[in-house]
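User: Please take a close look at the aromatic rings. Tell me where they sit and what lies around them.

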Amino acid sequence: MKLKKVLVTGAGGLMGDYVIQELKDRFQLSGLDILPDKNGLPHIQDSILNVDAVKAACEGMDAIVQIAAIPNIWSGSGSEIIHTNVTGTWNVLRAAQEAGVKRIILTSSDSVIGYTVLSGSMIPPSYLPIDHNHPRRPTDPYALSKKLCEEMAKSFVDDDAFEVVVMRPVFVLYPEFEAEVRARAADPKGYKGPVSSAGKPPGGGAMWHYVDPRDLAVAYRKALIMDEPGFGPYFICGPTILAPDETLKTLRHKTGVDIEVKDENIYELAPFAPLYDLTHAEINLGFKAVHDLREQYDLYG
Ligand SMILES: NC(=O)c1ccc[n+]([C@@H]2O[C@H](COP(=O)([O-])OP(=O)(O)OC[C@H]3O[C@@H](n4cnc5c(N)ncnc54)[C@H](O)[C@@H]3O)[C@@H](O)[C@H]2O)c1
């Protein structure tokens, strides 16, 4: 399926920017955001909560990259997060169906699995690596909003409205956050990050997962160009974690329990591999992150 005209919601934000840079030479892009356009694109500066604006933005589109949201637990009250993220995404999905859009790339989050970065805590996974079939147990309003968005999107797929590709990025390590990541690595127990999270625990959850935004943008391009990318959901994650200790040791320390590892080879061959199964995205999306920031930043000498 050839997709040409693509609406990027959240075009004024960090992720939107990286995705637009990756897509702009291949697609006819336009944007929607409460913030202004940064890339010289046709742009509607309005809210995804405004149905008329969303309908106008979706008109004539082949695909929509749905990024706009309150992007973390610190940026709004629980009610605001649920309202904006769930009702806003509903408006986009509904308008997309009316406009005859063919594919939606939906931005969810790995937090649906049972992390809350609010306290840095997590519900122990049922097994490792965590794959697309793993139960979702969101424990804060942000993670819950993302689970509800996944459910809504599935319902539209079941109704044959359009294809949906669900992306679950982990903490996106924008260059702006490098200083925080370095400071946290230098003082893992004591550091309270001021940069990405307003004095709250820094990003990446209990394991300090990350993905480089350049890798993430490639994943979004793949989701648009693959003939049959499937629903996913796809964990969009770098090849390592950033916590000081090896993955299984870190997890044991954080959860107090040993988790069944379905494929022991993964953590024997790559002791700092993420908790997530990356093979699903590799096989179906053709996506594999190439930026290993643990190595590149040389965090622990
Ligand atoms: N940054 C991460 O680590 C991370 C990880 C997983 C998922 N995500 C998701 O990725 C997406 C982008 O996050 P980001 O890090 O680029 O944050 P960001 O704040 O830079 O981007 C979010 C954008 O959404 C826009 N927005 C918010 N409310 C809106 C509304 N009502 N109507 C229209 N636009 C609205 C904002 O103005 C902003 O430009 C979000 O959906 C977020 O939940 C982010």
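Analyst: Start with a scale: buried means under 20% relative accessible area, exposed means over 50%, and partly exposed lies in between (1.4 Å probe, protein chains only). Asp 160, at 70%, is exposed on that scale. This is a predicted model, so local features need pLDDT of at least 70 and side-chain atom pairs pLDDT 80 or more, while totals for chains, interfaces and linings use all residues. Residues are numbered from 1 along each chain as its sequence is written, and side-chain values use heavy atoms, without hydrogens or water.

Now the rings. Rings of Phe, Tyr and Trp (its six-membered ring) pair if their centres lie within 6.5 Å; planes under 30 degrees apart are stacked, over 60 edge-to-face, the rest tilted. By this rule there are 6 aromatic pairs. One of them joins Trp 90 and Phe 156. Helices (H or I, at least four residues) and strands (E, at least two) are DSSP runs, numbered from the N terminus. Trp 90 is partly exposed, at 38% relative accessibility. Phe 156 is buried, at 7%.

Next comes a stacked pair, Phe 171 and Phe 177. Here the centres are 5.8 Å apart, with 10° between the planes. Phe 171 is buried, with a relative accessible area of 15%. Phe 177 is buried too, at 13%. Both Phe 171 and Phe 177 belong to one aromatic cluster, together with Tyr 18 and Tyr 174.

Rings can also meet charges. A charge sits over a ring if NZ of Lys or CZ of Arg is within 6 Å of the ring centre and within 35 degrees of the ring normal. Arg 184 does this at Trp 208: its charged end is 4.0 Å from the ring centre. Arg 294 lies over the face of Phe 272, at 3.7 Å from the ring centre.

Stay with Trp 208. Its place is the loop between α5 (178-186) and α6. Trp 208 is buried, with a relative accessible area of 10%. Its backbone stands out as well. Most residues other than glycine have a negative phi, and most peptide bonds are trans. Yet phi of Trp 208 is positive, near 60°. Asp 160 also has a positive phi, of about 60°, although it is not a glycine. Asp 160 sits in the loop between α4 and β8 (163-169).

Two peptide bonds deserve a look too. A cis bond joins Leu 128 and Pro 129, with omega about -15°. Pro 233 is in the loop between α6 (213-225) and β9 (234-236).

Last, the strands. In strand β4 (residues 63-66), Ala 63 and Val 65 point one way, Ile 64 and Gln 66 the other, and all are buried. Ser 30, in strand β2 (residues 28-33), is buried at 11% relative accessibility. Beyond its neighbours within four places in sequence, Ser 30 is in contact (heavy atoms within 4.5 Å) with residues including Val 6, Leu 41 and Met 61.
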